Amino acid sequence: MRKRLVVLKRNEPVSRNSTTSSSSIRSVRYGECQRNHAASIGGHAVDGCREFMASGEEGTNSALTCAACGCHRNFHRKEVETEATSECSSPSSNSK
């Protein structure tokens, strides 16, 4: 059985007195193609493309087309990985 860690982050305004800093690293990867290529003839067949590979440079229209299967990026399974990190520092208590 595989365990999954879920981190929920609430967006709150940051105050000037806060001594906590946090950041989140988000990476998106597109997995196998899930387009039904035989839908027009009443069947179900996927092409077997295992991972999205962009046809062009980032920021162009061809970056949204898969070089392996020719499908749009939306047909590929989206995998989002988010890593949240936080650093806390306690204020020094030197008052007597």
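**Exercise 1. Is C66 buried or exposed, and what is its relative accessibility? Then decide whether the cysteines form disulfides.**

*Solution.* The model is a predicted one, and the steps below work from its atoms.

Step 1. C66 has a relative accessibility of 2%, and because buried means under 20%, C66 counts as buried. The cysteine C49, at 10% relative accessibility, counts as buried too.

Step 2. Turn next to the sulfur atoms, bearing in mind that a disulfide is a covalent bond between the sulfur atoms of two cysteines. For C49, the closest cysteine sulfur belongs to C66 and lies 3.8 Å away, which is too far for a bond. For C66, the closest cysteine sulfur is that of C69, at 3.7 Å, again too far for a bond.

Step 3. The cut-off for a disulfide is 2.5 Å between the sulfur atoms, and the structure holds 0 disulfides.

**Exercise 2. How many aromatic pairs does the structure hold, and which parts of the chain are tied together?**

*Solution.* Step 1. The structure holds 1 aromatic pair. Y30 and F52 form it, with 6.0 Å from centre to centre and 65 degrees between the planes; because planes over 60 degrees apart count as edge-to-face, the pair is described as edge-to-face.

Step 1. Y30 lies in strand β1, whereas F52 lies in the loop between β1 and β2, so the pair ties together parts that are 22 residues apart in sequence.

Step 2. Both of these residues, Y30 and F52, are buried. A ring also takes part in another arrangement, in which the charged end of R35 sits over the ring of F75, at 5.3 Å from its centre.

**Exercise 3. How many salt bridges does a search of the whole structure find, and which residues are linked in a network?**

*Solution.* Step 1. The search finds 4 salt bridges. One of them joins the side chains of R29 and E79, with 2.9 Å from N to O; R29 lies in strand β1 and E79 in strand β2, so this pair ties together parts that are 50 residues apart in sequence. R29 counts as partly exposed at 38% relative accessibility, whereas E79 counts as buried at 18%.

Step 1. Another salt bridge is formed by E32 and R77, whose closest N and O atoms are 2.8 Å apart, and this pair links E32 in strand β1 with R77 in strand β2, 45 residues away. E32 is partly exposed, with a relative accessible area of 26%, and R77 is partly exposed at 32%.

Step 2. The side chain of R77 also meets that of E79 in a salt bridge of 2.8 Å, N to O. Taken together, R29, E32, E51, R77 and E79 are linked in a network of salt bridges.

Key
Residues numbered from 1 in each chain as written. Predicted model: local features only at pLDDT ≥ 70, side-chain atom pairs only at ≥ 80, totals over all residues. Heavy atoms only, no water. Buried < 20%, exposed > 50% of the residue type's maximum accessible area, 1.4 Å probe, protein only. Phe/Tyr/Trp six-rings, centres within 6.5 Å; stacked < 30°, edge-to-face > 60°. Helix = DSSP H or I, 4+ residues; strand = E, 2+ residues; numbered from the N terminus. Lys NZ or Arg CZ within 6 Å of the ring centre and 35° of its normal.
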